[in-house]
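Welcome! Take a moment to look over the chain, and then we will walk through a few of its places together.

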Amino acid sequence: MPEQILYETLDAISSMGFLKKEIPDSIKLNLNPKFVLRAYQIESFARFLHCYKNEFPNKQLPFHLLFNMATGSGKTLIMAGLILYLYEQGYRNFLFFVNSLNIIEKTKDNFLNPLSIKYLFNNVITIDNRRIQIASVNNFEGINPNDINICFTTIQKLHSDLTTERENSITYEDFRKHKIILLSDESHHMNVSTKTGMELFESWENTVQNIFNMNRDNILLEFTATHDFATPEMVNKYQNKVIFRYDLPDFRNDRFSKDVTLVYSDFDLDERIIQTLILSQYKQEVAAKYRINLKPVILFKAQRTIAQSQENEANFHKIISGFSGKEISKIRKSKIPIVQRAFQFFEENSVSDAQLAERIKREFREEFCLSVNNEKE
């Protein structure tokens, strides 16, 4: 019988009522009060506190845990709460890293900008009767020991800074001299060596493991919505590290996510694209009829490569350039209820196939489309 993953052990402890659900004041009083903690967020804090304070099977130092939580469930709020609690425990230095610059900028806004609607902290942060400031830093030398000091970086830049030393950048010495909390967001990007079974000396995973092991008091906290529970090497690595599993089905069943409607059809690719355009226009025109400002967004995603994405993009623009009522009339044979409702709406509002085609051509001109295959785009 396979050994339980840590979260399964904690599931049992929680269900039997042995997990204390009391949130420390350092968290409760210093998070933005407009974000009322949900039951699963309280559960995630309770599990961390339990594991941080107590022994559990195969607990190791330095301390390493992973939170597997659905996109949109508030992983960044959990991070903010843990920063506050760990500051109270004596930690001052925090390294936040992720694979995307876009996420870095949004997280900085959430952590540093009190004017942001998603700012996660209270207007005044008070711990141990002292007012605390949050500072963004490039490294952990010469920092204010009373502040929460956060270094924001991408995993790519972190790897580059550590392998090629630069002025004012973070160094291996930082992790040897200081105890540091490492916060890894979208951490599924960081396990290439483990998934492939190959020890890659210059990998991001290897870099993070090296700095994590520099100091016994370091803590690595990983956050992802898409943890791999299938690859044996990943199961083995994270057996005693996955503290909480709150997948999209849980998020959906708790009624915190919006409903997702899947539409299947037997059309070929071009016809499926046209059907999607018709449904998008239908949603927009229904909204306009009821004076609702709504602009639907369509995402077409290539299965594998950037080259495939570029080929798909060229094909899309070709479809739009030659678009006519003739292409729309082919979709009328669809038996899908929402497609039938769309055509019924257009008929009731005297929108012919030719008129609908012209509207779609106008809405999806090339200058209104974005191709996103890398960070710069």
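The side chain of D161 reaches the side chain of K157 in a polar contact of 2.7 Å. Keep in mind as you look that this is a predicted model. To find D161, go to helix α6, which covers residues 155–163.

Is D161 buried or exposed? Its relative accessibility is 5%, so D161 counts as buried, because buried means under 20% relative accessible area. Setting aside residues up to four places away in sequence, D161 touches R166, S169 and I170.

## Where α6 meets α9

Now stay with helix α6 and look for its partner. Two packed helices are described by the angle between their axes and the distance between the axes. The partner here is helix α9, residues 204–212, and the axes of α6 and α9 come within 10 Å, crossing at roughly 65°. The two helices α6 and α9 are therefore roughly perpendicular to each other, since angles from 65 to 115 degrees are counted that way. The crossing of α6 past α9 is left-handed.

Which residues in α6 and α9 meet? On the α6 side they are I155, Q156, L158, H159 and L162, and on the α9 side W204, T207, V208 and I211. Sorted by type, the residues of this contact between α6 and α9 are six nonpolar, three polar and no charged.

The crossing of α12 and α13 is right-handed, whereas that of α6 and α9 is left-handed.

From α12, the residues D270, I273, I274 and L277 take part in the meeting, and from α13 come N315, F316, I319 and I320. The contact of α12 with α13 is made up of six nonpolar residues, one polar and one charged.

Start with L10, which sits in helix α1, residues 6–15. L10 has a relative accessible area of 2% and is buried. Beyond the residues up to four places away in sequence, L10 touches R47, H50, C51 and I243. How many Å separate the C-alpha atoms of L10 and D247? The separation is 16 Å, although L10 and D247 are 237 residues apart along the chain.

Next comes V137, in the loop between β5 (134–136) and β6 (148–154). V137 is buried too, with a relative accessible area of 13%. Leaving out neighbours within four places in sequence, V137 is in contact with I143, N149, I150, C151 and F152. From C-alpha to C-alpha, V137 and T261 lie 44 Å apart, and along the sequence they are 124 residues apart.

## Stepping back to the whole chain

Finally, zoom out. The protein chain has 16 helices and nine strands, and its C-alpha trace spans about 70 × 50 × 50 Å along the principal axes. Of the 377 residues in the chain, 47% are buried; L10, V137 and D161 are among them.

How do contacts link places along the sequence? Take the contacts between residues at least 6 apart in sequence: 76% of them join residues at least 24 apart.

Technical notes
Residues numbered from 1 in each chain as written. Predicted model: local features only at pLDDT ≥ 70, side-chain atom pairs only at ≥ 80, totals over all residues. Heavy atoms only, no water. Helix = DSSP H or I, 4+ residues; strand = E, 2+ residues; numbered from the N terminus. Buried < 20%, exposed > 50% of the residue type's maximum accessible area, 1.4 Å probe, protein only. Polar contact = N/O pair within 3.5 Å; in protein donor to acceptor, adjacent residues only side chain to side chain. Contact = heavy atoms within 4.5 Å. Axes fitted to C-alpha atoms, helices over the stretch in contact; angles between N-to-C directions. Parallel < 35°, antiparallel > 145°, perpendicular 65-115°, else oblique. Left-handed = near helix turned anticlockwise from the far one by under 90°. Nonpolar A, V, L, I, M, F, W, Y, C, P; charged D, E, K, R; others polar.
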